[in-house]
Structure formats: structure tokens, C-alpha cells
Amino acid sequence: MQIILVSRHLKAARTITIMPRHVVAVLAVVLTLVFSTSAIFSWLSVHFRLPLVEDLMLSLQRQESQKSRDYVSNNLQLMATRLGELQAQVLQLDALSERVANLSGIKREAPAVRGKAGQGGPYLPAPMTENELQGEIERLMATVERKTDELAVLESRLLEKKVRDRLLPTTLPVKDAALGSAFGHRSDPIAGLRAMHEGLDFTADIGTPVIAAADGVILSAGYHPDFGNVIDIDHGDGLSSRYAHLSRIDAKPGGLVKRGELIGAVGTTGRSTGAHLHFEVRMLGVAQDPALFLKKGIEFAQVKRR
């Protein structure tokens with residue numbers, strides 16, 4: 001690069017030629033001056049502790065320390081909040097599991113309480129460290145997961161109990177009826193001899209509605225020489241119920257029936273001396289006392305006895 005200088009003070013124009021080595025030399029000088037100045041300034045600040053530099057360093061240290069304290073404080077606050085939320089969840093899960101256990105009829109074992117040595121003294125709360133908070137949070141999270149699993153088990157058992165209760169014949173098959181012959185041995189009303197009565201008799205007027213005592217499937221619905229018009233319902237697991245001496249049949253074999261659904265009417269068909277419903281409950285074909293099932297309902301205690 002050439003620079004031409006022209007001035008009225010100069011008799012002739014002057015030319016300056018700049019070569020690459022000149023540029024490199026200038027840059028080297030500038031960098032040397034910068035580093036030298038910085039080194040001298042640092043040496044002076046270390047040996048003579050210049051107030052301006054010292055204040056600047058202290059200010060930077062305070063800012064970094066404050067940022068660190070704020071970061072730790074925010075983290076501890078968040079962890080403490082999370083800890084409180086987990087503690088509240090554990091209390092809610094405890095209360096919920098207790099209610100579900102009571103509803104499902106499941107008795108929960110109380111945790112064993114071991115005797116502790118006597119302790120005492122003033123209460124001096126100590127703040128928890130970050131590691132202690134993290135450990136407590138992990139412990140509570142594990143507790144929440146465990147109690148959630150317990151609730152899932154209780155829910156399944158409650159569902160099983162609900163289904164099982166729906167299939168137990170605990171509903172009175174006839175409303176506003178009087179209890180006649182009970183389950184067991186009696187004098188046969190026709191033959192006059194001692195015989196086994198494998199059900200309960202409910203005395204009611206002809207045409208009184210007869211309902212299913214529980215959910216199930218109609219096994220059979222037709223006429224029998226002894227039972228007259230009779231309906232058998234399968235409730236599952238070998239449990240069945242029978243409704244005999246009906247004047248009318250309102251169900252078909254193979255049909256699904258729900259608890260309380262109309263299936264027929266009281267009559268006096270078959271081997272009968274008067275209008276009544278003969279009700280049986282059988283387990284694997286063996287006759288059971290229907291009163292043992294009906295007593296689980298709230299209506300059986302109100303039935304009139306003869």
C-alpha cells in the first residue's frame with residue numbers, strides 16, 4: 001500500500017510505502033503494550049491492593065456468592081414444597097385406604113408398635129440439609145407407590161366382593177309375605193309323615209309377584225309334578241335358587257336375570273295345599289337353609305312369622 005502526502009508546506013509530494021511486515025510489526029507492538037499494561041496493572045493490584053480493583057473483585061465475589069445462595073435457597077424451597085405435597089398425599093392415601101378397607105370388609109393389620117426408651121427435652125427444630133430433604137422425598141415417593149399398590153389390591157377385592165354379593169340370593173323373593181314352613185324336618189302336609197323340607201315357604205295371595213333373589217342365568221323354567229311351575233336360577237360357583245308352585249312363569253331358560261327382576265307369580269301348582277312360594281337355595285346340588293342367605297338382607301327380619 002502506498003500513501004501519497006500532498007501539502008503546501010512541502011515542495012514535492014511525499015510517498016509512504018506500507019509493506020506487510022510493517023503491519024505485522026505494528027500489531028505485535030500493540031499486543032505487547034496490551035499484555036504489558038495488563039501485567040503491570042495485575043502486579044500493582046496484588047502488591048499494592050489498589051482499592052478500585054479490590055472493590056471490583058469483592059463485588060464480583062459477593063455477586064457470585066449471592067447467586068449461589070439464591071440457587072441453593074430456591075432448590076431447598078422447591079424440595080421442601082415437594083416434601084409437604086408428598087406428606088399430604090400419604091395422609092390422603094392412608095385415609096382413603098382405611099375407608100376402602102372398611103367398605104370392602106377387609107381387616108388391615110395394625111403395625112406393630114415396639115416399646116421405646118424414655119426421651120425428652122426442649123424442642124429445638126433443626127433445618128434439613130439438601131441431602132436430607134432429597135432422602136426424605138425419595139422415602140415418601142416409595143411410600144406413595146406402595147400405598148397406591150395397596151389401594152389397587154383393595155379395589156380389586158372390593159370389586160370381587162361387590163360381584164359376589166350381587167350373586168348371593170339375599171333379596172326376599174316375595175314382598176309382603178308371611179313365613180310358613182322353615183327349612184328342616186317337618187310333618188309332610190299331605191302325607192302326614194316326617195319328611196325333609198329343603199326350602200322356605202312364603203305364604204301370599206295367588207298372583208303376588210315373585211322376583212329373583214340375585215343375579216343369575218335361568219337354568220330351567222317349566223312344570224314339575226311336585227313343584228308345579230318352577231324356575232331354577234344359576235348364580236355361579238355351584239350356587240342356585242329355586243322358585244316353585246308358581247301360577248305364572250315370566251322367564252325363559254338361558255335368559256339373564258338381575259336381582260329384583262320379575263320372574264313369575266305366587267300360585268298353588270304341583271304338590272301344594274295352598275297359595276305360597278317354595279324357595280330353595282342349593283350349593284353344588286345340596287340344599288342349604290335359605291334363611292342363612294336371606295338374613296344378610298335387611299328385609300328378612302321384617303317378614304311376618306306364622
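Two strands count as paired if DSSP finds at least two bridges between them. I kept that cut-off in mind for the first entry, and I note that the model is predicted.

**Entry 1: strand β8**

I looked up the partners of β8, residues 216-224. Two bridges join β8 to β11 (residues 256-257), and these strands run antiparallel. A hairpin of three residues joins β8 to β9.

I then checked Val217. Its bridge partner in β11 is Leu256, and in β9 Val217 stands opposite Asp234.

**Entry 2: nonpolar cores**

Which residues touch the most other members of the largest nonpolar core? They are Phe202, Tyr243 and Ile263, in a core of 29 residues. At least two residues of this core come from each of β6, β9, β10, β12, β13 and α4. Another core, of 13 residues, lies apart from it and includes Leu93, Ala101, Ile137 and Leu151.

**Entry 3: Phe202**

I followed Phe202, which is found in strand β6. Its relative accessible area is 0%, so Phe202 is buried. Leaving aside neighbours within four places in sequence, I found Phe202 in contact with residues including Leu172, Pro173, Leu179, His276, Phe279 and Leu294. Gly180 is 22 residues from Phe202 in sequence, with the two C-alpha atoms 5.5 Å apart.

**Entry 4: salt bridges**

How many salt bridges does the structure hold? It holds eight, and I looked up three of them.

Asp201 forms one with Arg186, with the closest N and O atoms 3.5 Å apart. This pair links distant parts of the chain, Asp201 in β6 and Arg186 in β4, 15 residues apart. Asp201 is buried at 8% relative accessible area, whereas Arg186 is partly exposed at 24%.

Arg271 forms another with Asp188, at 2.9 Å between the closest N and O atoms. Arg271 is in the loop between β12 and β13, Asp188 in the loop between β4 and β5, and 83 residues separate them. Arg271 is partly exposed at 37% relative accessibility, and Asp188 is buried at 11%.

Arg242 forms a salt bridge with Glu280, the closest N and O atoms being 3.8 Å apart. Arg242 lies in β10 and Glu280 in β13, so the pair ties together parts 38 residues apart in sequence. Glu280 counts as buried, at 2% relative accessibility.

Terms used
Residues numbered from 1 in each chain as written. Predicted model: local features only at pLDDT ≥ 70, side-chain atom pairs only at ≥ 80, totals over all residues. Heavy atoms only, no water. Helix = DSSP H or I, 4+ residues; strand = E, 2+ residues; numbered from the N terminus. Core = buried A, V, L, I, M, F, W, Y, C linked by side-chain atoms within 4.5 Å. Buried < 20%, exposed > 50% of the residue type's maximum accessible area, 1.4 Å probe, protein only. Contact = heavy atoms within 4.5 Å. Salt bridge = Lys/Arg side-chain N within 4 Å of Asp/Glu carboxyl O.
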